[in-house]
Amino acid sequence: QVQLVESGGGLVQAGGSLRLSCAASGRTFSIYAMGWFRQAPGKEREFVVAISRSGGSTVSADSVKGRFTISRDNAKNTVYLQMNSLKPEDTAVYYCAADPDGAVSGRSKFSSEYVYWGQGTQVTVSS
C-alpha cells in the first residue's frame, strides 16, 4: 500500500513557475514509476509526465515539453514537478500516481497503468 500526498499548488501569473511535490508513504516507493496527471474543469484527466523508478527515464506530454520537468528523490520518497512558463491552460487539479511497472513507455500516458493516486492539488494560472 502506498499513500500519496501532493502539495505546492497555488495561484500564479502566466509566465510564472511552481514546484509540486508528491510525498509517498511506505518503503516500496522506489519500485514504482511515478506520473503526474491533471484535470481541468469539465475535461477528462490527462497525462502530463512520468518518471521511471530509477529516475533515469522520463516521458512527457507534448503540451508541457520544455516547460515541465519531473524528478524524484527515492531517499525522501518524493517526486517533484517543476513547472515553468505556466500558461492559463495549465490550470487544473494535478495528481500524482504510482505505476508498479517501474518503467516508462508509451503506456505511461494511460491512467489505468497506475494503481495509487493522490488527492490532488489545485494549480491556477491567471492571465
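Two residues are in contact when heavy atoms of theirs lie within 4.5 Å. The exercises below use this predicted model.

**Exercise 1. Describe the surroundings of D90: where is D90 in the chain, is D90 buried or exposed, and which residues does D90 touch?**

Solution. 
Step 1. Locate the residue. D90 sits in the loop that runs between β8 (78-83) and β9 (92-99).
Step 2. Check the accessibility. Buried means under 20% relative accessible area. D90 has a relative accessibility of 0%, so D90 counts as buried.
Step 3. List the contacts. Leaving aside residues up to four places away in sequence, D90 touches R38, R67, F68, S85, V123 and V125.
Step 4. Look at the polar atoms. A polar atom of the D90 side chain lies 2.8 Å from the backbone nitrogen of K87.

**Exercise 2. Find the disulfide and state which parts of the chain it ties together.**

Solution. 
Step 1. Search the whole structure: 1 disulfide is found.
Step 2. Identify the partners. The sulfur atoms of C22 and C96 are 2.0 Å apart and form the disulfide. A pair of cysteine sulfur atoms within 2.5 Å is what the term requires.
Step 3. The angle about the S-S bond is 55°, and the link of C22 and C96 is right-handed.
Step 4. C22 belongs to strand β3 and C96 to strand β9, so the pair ties together parts 74 residues apart in sequence.
Step 5. Check the accessibility of each end. C22 is buried, at 0% relative accessible area. C96 is buried, with a value of 0%.

**Exercise 3. What is the strand order of the open sheet of 4 strands, and which strands are at its edges?**

Solution. 
Step 1. Read the order: β1-β3-β8-β7, with antiparallel pairing.
Step 2. Find the edges. β1 (4-7) and β7 (68-73) each pair on one side only, and these are the edge strands.
Step 3. Examine one pair. β1 and β3 (residues 18-24) run antiparallel and are joined by 4 bridges. V5 stands opposite A23 in β3.

**Exercise 4. For N77 and S85, state the phi value, the loop and the accessibility.**

Solution. 
Step 1. Take N77. Its phi is near 55°, a positive value in a residue other than glycine. N77 lies in the loop between β7 and β8. With 17% relative accessibility, N77 counts as buried.
Step 2. Take S85. This residue is not a glycine, yet its phi is positive, about 50°. S85 is in the loop between β8 and β9. At 41% relative accessible area, S85 is partly exposed.

Key:
Residues numbered from 1 in each chain as written. Predicted model: local features only at pLDDT ≥ 70, side-chain atom pairs only at ≥ 80, totals over all residues. Heavy atoms only, no water. Helix = DSSP H or I, 4+ residues; strand = E, 2+ residues; numbered from the N terminus. Buried < 20%, exposed > 50% of the residue type's maximum accessible area, 1.4 Å probe, protein only. Polar contact = N/O pair within 3.5 Å; in protein donor to acceptor, adjacent residues only side chain to side chain. Pairing = 2+ DSSP bridges.
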